[in-house]
Each structure stands twice: as structure tokens, then as C-alpha cells.
Amino acid sequence: MTHVPDRSRALDPYAVMDTPPERAFDDLARVAALLCATPTALVTLVDGTRQFFKAREGYDGGPDAPLDAGFCPIAVRTGAPLVIRDTLAEGHGDNVAVSEGGVRFYAGMPLRTAEGAVLGTLCVLDRRPRPDGLAAPQVEGLERLADQVVDQLEMRRALAERDGLLADRRTATRDRLALGRTQGNVAASGGDLDAILATLVDGAMRAVPAAEGGVMEMLDGQELEYRAVGGTLTPHRGTRVPLNGSTSGACARTGEPILLSDALTDPRVKVDLRPIIDLRSAVHAPVVRGGRILGVLKLQASRPDAFTEHDLDLVVAFAGLATMGLTEASEIAALRSLNAGAQRQRAIFDSTTQFAIVVTDRDGRVTDWNSGAERVLGWTADEMRGETVERIFTPEDRAEDRAGVEMRLSLEHGRASDERWHLKRDGARFWASGEMMPLRDADEGHIGFVKVLRDRTDEHLAGKALAEAEAGLHRAQEAGGVGLFAVEMSDNTLRPTPEFCRLYGLPIQDAYPSTAFEGLVVPEDAHLVSTATTRGSGDAPRDVEYRIRRPDTGMVRWIGRRGDLERDGDGRPVRFVGAARDITDRREAAAHQAALLALGDRLRDLPAVPEMTRAAAEIVGRALGVSRVSFGLIDATNGVLHVEPDWTMQGHTSIAGVHRFAEYGDILDGLLRGEPLIVPDVALDPRTAGALPRWGAIGVTALLDIPVRERGRTVAIYLVHHHEPRDWTEAEIAFVRAVADRVDVGVARVRAEERRALLNQELSHRLKNTLAMVQAIATQTMRGASDLDTAKEVLAARLIALGKAHDILMAGESERADMRAVIAQALAIHDDGRPGRFQLDGPAVVCGEKAALSLALMMHELATNATKYGALSTADGRIDIGWTVTPSAPGGDEVRLTWSERGGPSVTPPPRKGFGSRLIERGLAGAVGGSVRLHYHRDGLACEVVAPLAGFSPEAP
């Protein structure tokens, strides 16, 4: 768990507290509310003193709250998800959020960084309790949304760190350029001391913008004289200040630089001089040569706290240039004297403390070693004379004879530059920038080498850190799909990162005309694009979401782009910078979620299956932007698909009706196995390529068919068609599956209602049939009985058999039975004892409970009709019942059952179908997934049932 002080520090790098609303965070809060079906969702950040609501969906309160209000601080302290189903029932009635805000339900997910710090929560709230809490998919979705909030915060931190490093890099570059220009001007001064000092003051003031005045104070006895002046100190040239009783004097006496924050409170300031030169703050740096103070370089301002530590470091660097400038002046003056050579060389060696200068003979052995080398490398000149220069190289460079390579290159090219690690006396490594040059005598003879080094470790590590940060940012951009860009206002050139180019589908380049990206936006969203005109006027849209058509794939993608204008000192826009990411998945997920919610509302109110499938087709078609969506019922036996009335995009035709699978390629087998048919292009898929004319006739280039399964069999297909090639995404496939599932549930509801109505009709019909059956049994019994006692005994037995048949039909005495036994038992009550009334012939077939009851019901209905109107209504009537099992690809083995009547009265088709006929045609067919046909032949009724063997199986659902 993260403690409050740690959490407070953890939030600082993100610079997010008290920032205005941002679309990315607002969208995540809204999706959380939609996902959990709550009116309110918050992105809450918690520091050591309060809660800050970065995103507020459905919440009209203020942007922050104390730590004792609400439940987010509890979730942050525990570091675990927190779900409160009923705040009052769980003892939180005294919480302000409950007592004043009316919160009755709360669910919060911690915002945990990769380092383990918990920054806040993503939470949802409701004014109504939720006894069941959140469903598992909602909890998972809320966790994933919390991860996306953390990703947004991490991207914000990465950008801030990148900007900081770039700012440091620009500052360092600017400082180096300022020092370089000043050094060049000093070199061009020709040794004029006043010109050198004036150049140094001017260069320092240019490098430090806060400076209003500058002065080079040269030591003269116990005083410092204003020798070279600039800015507001220009009128004070020649002013003298004492070493004791002045800030500059303190700097000269101690040899330490001074950052003066406020002259009114610093006791070192010369009080009577302060108002004269209008001094409130200043930076002082001593000018030292050979361990001796020569003067002080001072920059000042008329306001307090005008300078920073960085300004002080920069003035110290200019003071070092002053040392070199004074040395240069001294060198030139000495050169004009008779013994200039020796004095000049020694002066350079003594004063150049920032550079290590190593002189060797032709074999690389040290002959001289300046004070700068002693400071940088640690060895004294006496320790190094006679030693090989390889001593300052690392072991790996010595193994490669790097010193010898540099000496050879310097002889060939006049110099050999390098940047690499070198060794100090204590074994520590430092990064050095240096050059090796050949040393020649007056006659240009080669007498040795000079190697000049400068310690650049800090700059190297800073550059390496920047490179690592940039690489990390680049990896974060790739992982998060974020691309950065900058548009220069001067020429409207857009400079993108590689990820930005990949987002827009353009080749990776360092620069593009801004119109190359602006032209990719679809016309409907063109008003959201920043243009040269809107950028120049300062009205460029900042935070937008628009669609582009990628030039590499032709696909339409959603882009979320955020940009800001950078302005110059006069407030004029000079650059438009920002970041972009592909938000297609988020937009589609939100659209799919909204579509599923709308579908659920529609399905609850629709009473019939065709209306349900038509409504679902329209919602899917509009959500996916496809040409056609249909729902079809499979007749696997005949290999056909019965397509219900469908939905089509304007300009596309309906395919409602009957279609033969064989005409569309090799697609049926996989669908019957329950496998979705996913085809991005029918011309390229071997399953459909052989039927291109048929696909072309119905305007289909890409298709997505999702099978609907019942009792282990594919009974229907959800068809999604498009007229152009299309790569179906996992999200789209999952969306269509979700729609198919919801439609299946809705259809099941309607069918359940239909079955309930059917059972009511069956009960009425069964009662009438039972009475008719009792009458028929009594009539048959009396007609065949020889006396009243026999008739009584036979009639009682038959009525008992009738009762047992009803027990089989209505209760089910076992879970499985042989088909012959089911048929024989169902017909037992109709057997009046005459030989040959029923002939049964067929192999052993095991029937599950549902199939057995449906078969018994069908046999009972057929026998009842035969008793009333057919073969059993006469003394000579006969009935043959036979069944066979034959292989039938692709649906597996097939059962064919026949009922044939003969010897009864002539039959004709009834003028209308009664309930019994409909029950015969639909009962068994629906239970086993087959078909039933009735044939009214003149010599007797015939019934044929064809169904898959799997439909009779006990394992069939």
C-alpha cells in the first residue's frame, strides 16, 4: 500500500492536479458509466490533502473534495478494488457522500502505476443500492478502463519528461553556442584587453536574459574597478568598490561564486552603492588564473530573485572564458616581448585548467603535462613524465592500440578527434572529448604529439539519458499507439514521429507538407482539421476526433488528435505541436455497446421472431456500416437456407428467400460444425473463389457468417455482407456474436411463449381425444365381446393401458428407450387383439427422453386418427410402421420412419388441418430437428419422418 507522502510525490511528475477537463479522461469515465449502467462515474486523483476529480460523468459538484468525503480515499489506502452494494446497510451512513450526496452504491478500481503507486481511482456511483453488485464482465471492464486511465497518465508524464529533457538540451545547446560565439569574438579581438572584457560582458548578458546590467570588475589593490560595463551599468564605468563591505569583494576574497537573491536583505551588499546602481539581485563569479584572483564578473537586475542556479553556472563558465581571454591578452603582450615563446607556453599551461593538455614524444611517452591535466586526470606532471600516454586509456582501448591509431591518424590528417571513456588516477572513468595533433619544430620536423582532453561526462550522461528517454518515449508511443507531431508556422512543414506516420498510413519521413495529412481526413470531418489559416489565426481546433482514410489500405480509421499552439515572445503563433492516437477500437466498442443496449430494448418489446431478426439486422448493419445483414434458417437435409426479411444499405438488394448452399462454394460443412465463416474477400478465399458469379449476383465481396446452435446443431446463421473487401476485426466478430446471442435469447423467449400456448391447446385437445378414445375403445370392445362380463374385463384393461400411455407422454418414466419399445407401448391401447393390426420393422435405435415422448405422442395421434377415420376404424384395417438408418453427409446418419395404413376407408385431404394434424407435423420434427410429410393416398394415410440420428440421441440437448 502506498502511504500518503509517497502518493503525493508520485502525482507530482504527472502535473495533472487542478488541470482542466480532457476528452480522453472524460470518455473513459463515460464508458465506465455505460458499462456499469450507473448515472455517475469519476476519475479521482488523491494526494496528501484532497481529492481532485479529473473526469466527472453525471456529477455536477465541484472539482475537488476533502479526504474524509466519499470512498475513493478508502480504495486508495487499501490499494484494492472496493465495492459497496448498499452504503446504508454496510454502515457508511455518516459519510458525507451518503448523508449529503445520497450515494447508495459505489465501485472503485485503484489507478496503480507500474511502480506500484496508487494515484486514485476510477469509480462508478448510483443513488440506488445494488444488492448484486457488478457482474463479472463489468468488473473486468472497469479494471481495464482503470488501466487505460493509468496509460493516459503515463503518456502525460512521458511527454512532460520528454519536454523537460528537450528543454534542458535546448538550454545546454544555447549555452554552448553563446560560449562558443563569445570565445570566437575573444579570439578575434587581437589581444585588446578592453575589447576582450567588453566582449565577455556582452556575451554573458546575451546568454542570461534576466540580466539588466553587467560588469567586469578587475582587482586593483584592495579595490575592484568597473573595467568593462554593459546595460544599466554602462554609466558607472570606473566605479570602484572595496574588497571588504561589498558582495563582489566577498566573491573575490573567497574565490567562490555568489547568487544574490535580494540586496535589501543581504548584509554583504554595499548599502550606499545599491540605490545608485539600482541593485536588487545579482550573480558573481571570480576570474582566476594560476590560483590568483584577477577580478569578478557580475550580472545584476533591479528586481529580486531574478537569477537561477543555472544562471550562476553560466556566469561561472563565462568567467572561465575571461581567464582564457586574459591569458590570450597576456600571451599576445608577451609575444611582443623578447622572451614571448617560453612565457606564452607556460601561461597557457598554467591557465587552461578546463582542458588537459598532454605532450608526448614520437613514441607516445609524456614529456609535459599541464595543470588542467592534473585536475582532470589526477596525476601530477612529475608522475607522468616518461610514462606512455596509453596509461590514460581504458583496458579495452589499450587492447586495440587506440593511442597508436590516434597518432597515425593525426600524422595522416593533421589531427585525430575522438570521444570516448578515459581513466583517471583513481581508476574512475570519465567521458572525454579530445584531439591529438602532431607536434613539429620550427623546421616542420615531427618531434611528438599533443593530446587535448576535456571532461564531458555530465554532458555525455545527460545526452545518454535524453536518448534513453526519447527511446523510452518512442517505445511508449509504439506500445500505446501514440504519434507526436509539430507543424512549423513559417512554411507549414509537419515533422512527425515514425509512429505518427504509421497511424496515418504514410511512409516514415522526417518532414511532410501539412496538407499531406490534412487531405486524409474524410470530407464529413474536414471542419475538425487544423489548417494554415486556423493555425495562423490561433483558432486551430485543439482536442478533436476525426476519421481518416488510410492511403496504404483504404480503410477508414478514427484518430484522436490533441494539439497546442506555441507562441513567441510577442504572442504570435510559431508552432502547432501535439499528439495523435488511433481510437478506432474505442469508438467502435462504444458504438457496439450502444447498439447492444438499443437491441436489448428493442427485443424486449417484439412479439415475433421475424420482427426480432429484422430489428437486429438493422442495428448491426448501421453499427458496422455494412451492405446487408440477414438471418437464415438452415435445412441441412436439403442443403438450403431460408433467409428471413433482411436489412440492406441504400442501393443494395434484399436476399430474402431460399438459397442453396452448393451454389456459393464449399461453406456448409464448417457452419454445420459451428465454425464462423470469415471471408475478407470472396475472390481470395478457396471456399468461395469458385462461386464468384453467384456472389457477384448478390453484391457480396466480404462476408461474416455466425452460426446459431441449438442442441449441438447449427439451426440458423447470422449473415453480414459487404460490397468491398474488408478485414473483419476481432471486435466486429465479437459484436456480431453478441448480437446473435441476444437474438437467440429473444427467440427462445418467444418460442417458450409459443410452447406454453401449444401446451394449453394440447391439454384441451388431449381431453377431447381422451374422451373420444374412451368412447372408441368402448365401442370396439363391445363390438368384439361375446358377453357382458368379457366386455367389462377387456374394457377395464384397455382403459388402464390408456392411463399408462398418458403417464409415458406426460411424465416420462425413463431417460432413454428403444424405438421399437416406445412405438409398441404407445400403440398398445389401440390394439384390439386382431392379428396383424400393427407390423413393426426396423433396427435398434436408442431414443432420449424428449425424442421418446414426442415419438409416443406422434404414434398416439396417428393411431387416434386411424381409430376415428382410418385403418383402425374397420375390422380389416392394418398399419405398417418401419424405420431405417442410412448414412447421409454432411449431417451424419439419418433416420427414415414410415407409417402406412391399408384396409381402411378411402381417405381424402381434410379441408383444414386440425390441432392433431399440426401436432403430428411439428411435434417430432421440432424435437429431433427433422421433417414430417403426410400423404393422403386413396387406400390409406401415409406419414414419413426424416431426421438426423443425432436428434434422437439421449445426449441431444
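Visitor: Leaving aside neighbours within four places in sequence, which residues is Ser514 in contact with?
Guide: In this predicted model, Ser514 sits in the loop between strand S20 (512-513) and helix H17 (515-518). Once its neighbours within four places in sequence are set aside, the contacts of Ser514 are Val487, Asn492, Leu494 and Arg535.

Visitor: Is Ser514 buried or exposed?
Guide: The relative accessible area of Ser514 is 4%. The cut-off for buried is under 20%, so Ser514 is buried.

Visitor: How many disulfides does the model have, by the 2.5 Å rule?
Guide: A disulfide needs two cysteine sulfur atoms within 2.5 Å. For Cys72, the closest cysteine sulfur is in Cys123, and at 3.7 Å that is too far for a bond. By this rule the count of disulfides is zero.

Visitor: What is the relative accessible area of Cys251?
Guide: Cys72 counts as buried at 5% relative accessibility. Cys251 is buried too, and its relative accessible area is 0%.

Visitor: What distance does helix H14 reach from its first C-alpha to its last?
Guide: H14 covers residues 402-413, twelve in number. At 1.5 Å a residue the expected span is 16 Å, and the helix comes close to that. From first C-alpha to last, H14 reaches 16 Å.

Visitor: Which elements do the buried residues of H14 pack against?
Guide: The buried residues of H14 include Arg402, Glu406 and Met407. The buried residues of this helix pack against helix H13 (395-399) and strands S15 (416-423), S16 (429-440) and S17 (446-455).

Visitor: Which residue follows H14?
Guide: The residue after H14 has a positive phi, near 90 degrees. That residue is Gly414.

How values were computed: Residues are numbered from 1 along each chain as its sequence is written. This is a predicted model: local features need pLDDT of at least 70, side-chain atom pairs count only at pLDDT 80 or more; totals for chains, interfaces and linings use all residues. Side-chain values use heavy atoms; hydrogens and water are left out. Buried means under 20% relative accessible area, exposed over 50%, partly exposed in between (1.4 Å probe, protein chains only). Helices (H or I, at least four residues) and strands (E, at least two) are DSSP runs, numbered from the N terminus. The expected span of a helix is 1.5 Å times one less than its number of residues. Contact means heavy atoms within 4.5 Å.
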